[in-house]
Amino acid sequence: MRIAAVGDIHLGEDVRGEYRKRLEGIEERADVLMLAGDLTRHGTLEEGRLVADELRDLPVTVVAVLGNHDYHSDRQHAIANELRDAGVIVLDDDGVVLDCGETKLGVVGGKGFGGGFAGKCASEFGEREIKDFVAHTRSIAEAWKLALKEIQADRKVVLSHYSPVKETLHGEPLEIYPFLGSYLLAEAVDTVGAELILHGHAHKGSEKGLTPGGIRVRNVALPVLGKAYAVYCLD
């Protein structure tokens, strides 16, 4: 099974049509395209419509999550609807099962959130604002865990914007790690199991990492990949 993946494409009007060109022939190289958030620059509805136009009627199934940029103008729900109208499956802390030949591929995910990593993370202690911050990530992790348990599929992949591990953040300033991901996301996936976790968000990070449970993690932010998408095989 071949999974094309990329995040942080940050499309704007000045590049209309350009990303679409880079997807030509994707059906010869992949069975599905997964988008790991930050599809727009400022999260405007106009940008969301542009992204939808770029992805409309592609010859492979497209699954996406939104990123923090897509939330910036508080139009995330409208953007998600535009994408869905264009045939894109948009995950929001839930899952979907895709038929890939004779194999059922389960994809679970959502935007994710931050908080940091073991030994250097925020905790649910002190001010209400800090407790709410961590609790938000914990609720997302619990939703992913439940979706992974309930989904009936032969293979399982998790799609996120924020990172579940710090290894794929190498190259980013240490000070911003808590705003790039959380160990709670990896903990949830390790508990239930999956074969691959894809994320974006860390433009200066590195591509490869592992969860503590040994699940492959790939940072597919476009600036890290240096190309329109990467292809990962589950076989």
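Two residues are in contact here when they have heavy atoms within 4.5 Å of each other. With that in hand, take the chain as a whole: among contacts between residues at least 6 apart in sequence, 73% join residues at least 24 apart. Keep in mind that this is a predicted model, where local features need pLDDT of at least 70 and side-chain atom pairs count only at pLDDT 80 or more, while totals for chains, interfaces and linings use all residues. Residues are numbered from 1 along each chain as its sequence is written, and side-chain values use heavy atoms, with hydrogens and water left out.

Of the 235 residues, 52% count as buried, meaning under 20% relative accessible area, against over 50% for exposed and in between for partly exposed (1.4 Å probe, protein chains only).

Now let's walk along helix 4, residues 128-150. Its 23 residues reach 32 Å from first C-alpha to last, close to the 33 Å expected at 1.5 Å a residue; the expected span is 1.5 Å times one less than the number of residues. The buried residues here are V134, T137, I140, A141, W144, K145, A147 and L148. Buried residues of helix 4 pack against strand 5 (94-100), strand 6 (103-110), strand 9 (155-160) and helix 5 (183-192).

Step back to helix 3, residues 76-85, where Q76, A78, I79, A80 and L83 are buried. Its buried residues pack against helix 2 (45-55) and strand 4 (89-90). After helix 3 comes G87, with a positive phi near 95°.

Finally, find I215, in the loop between strand 11 (208-210) and strand 12 (216-219). Is I215 buried or exposed? It is buried, with a relative accessible area of 8%. Leaving out residues up to four places away in sequence, I215 touches V189, D190, G193, A194, E195, L196, I197, G209 and L210. I215 and A186 are 29 residues apart in sequence, and their C-alpha atoms are 8.8 Å apart in space.

Terms used:
Helices (H or I, at least four residues) and strands (E, at least two) are DSSP runs, numbered from the N terminus.
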